[in-house]
Amino acid sequence: MSKRETYEQKAEALLLPIIEENQFELVDVEYVKEGSNWYLRAYIDKEGGITVDDCETVSRAFSDLLDQNDFIEDDAYILEVSSPGLGRPLKKEKDYIRSMGKELEIRTYKSINRQKEFYGILTAYDDHTVTIEMENGETQTFQKSELALIRLAFDF
């Protein structure tokens with residue numbers, strides 16, 4: 001397991017009690033380097049959406065626990081707690097469950113029939129594939145490894 005994965009797992013373990021206590025959902029935790037800075041990011045959500053006050057509540061409690069359990073060695077990092085936003089990608093099983101029957105936007109790494117962008121209703125998924133029903137009534141199944149992006153579609 002990489003250092004990044006270890007840090008993400010430890011951070012998630014510290015976060016879960018805070019999240020559960022506040023009846024939020026932990027969407028994702030990531031430890032990434034952007035430019036010269038490392039970031040430890042926690043994405044949280046709840047029915048009706050997350051507020052700035054919700055992020056602050058989690059951030060303060062999480063920061064205190066990180067100070068007590070100083071497991072990130074050698075690297076200075078910036079802690080961020082935020083909403084995943086409208087364009088959040090589907091990553092975990094619960095994301096797929098929540099999205100069944102809803103319209104998705106899918107982008108592939110390589111063209112499929114000269115197309116890289118697809119829209120359709122999520123009808124099935126498993127560990128390796130995602131199936132959507134497109135507007136023309138046809139179904140299309142994708143290997144998850146082919147997907148550059150998969151998220152809920154949103155219209156403006």
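Is R107 buried, exposed or partly exposed? At 33% relative accessibility, R107 counts as partly exposed. Buried here means under 20% relative accessible area, exposed means over 50%, and partly exposed lies in between (1.4 Å probe, protein chains only). The model is a predicted one: local features need pLDDT of at least 70, side-chain atom pairs count only at pLDDT 80 or more, and totals for chains, interfaces and linings use all residues. Residues are numbered from 1 along each chain as its sequence is written, and side-chain values use heavy atoms, with hydrogens and water left out.

R107 pairs with E105 in a salt bridge, at 2.7 Å from N to O. A salt bridge is a side-chain nitrogen of Lys or Arg within 4 Å of a carboxyl oxygen of Asp or Glu. E105 is buried, at a relative accessible area of 5%.

Helices (H or I, at least four residues) and strands (E, at least two) are DSSP runs, numbered from the N terminus. R41 is buried, with a relative accessible area of 10%. E80 counts as partly exposed, at 29% relative accessibility.

The bridge between R60 and E56 also has an N to O distance of 2.6 Å. Both residues lie in helix 2, 4 residues apart, or about one turn of the helix. R60 counts as exposed because its relative accessibility is 56%. E56 is partly exposed, at 36% relative accessible area.

A patch of negative charge lies on the surface. D64, D67, D70, E73 and D74 gather there. Patches are made of residues with over 30% relative accessible area and no salt bridge; like charges are joined within 9 Å, and nonpolar side chains (Val, Leu, Ile, Met, Phe, Trp, Tyr) within 5 Å. Asp and Glu count as negative, Lys and Arg as positive, and His and the chain ends are not counted. The place of a charge is taken as NZ of Lys, CZ of Arg, CG of Asp or CD of Glu. Accessible areas come from the Shrake-Rupley method with a 1.4 Å probe. D74 sits in the loop between helix 2 (52–68) and strand 3 (77–82). At 81% relative accessibility, D74 is exposed.

S99 belongs to helix 3 (residues 93–99). It is buried, at a relative accessible area of 4%. A polar atom of the S99 side chain lies 2.8 Å from the backbone oxygen of D95.

Two loop residues other than glycine have positive phi values. Q23 has a phi of about 60 degrees. Q23 lies in the loop between helix 1 (3–21) and strand 1 (25–34), and is exposed at 68% relative accessibility. For R114, phi is near 60 degrees. R114 is found in the loop between strand 4 (103–112) and strand 5 (115–125). Its relative accessible area is 83%, so R114 is exposed.

T51 lies in the loop between strand 2 (37–45) and helix 2. T51 is partly exposed, with a relative accessible area of 37%. T51 and A153 are 102 residues apart in sequence. Their C-alpha atoms are 22 Å apart in space.

How values were computed. Polar contact = N/O pair within 3.5 Å; in protein donor to acceptor, adjacent residues only side chain to side chain.
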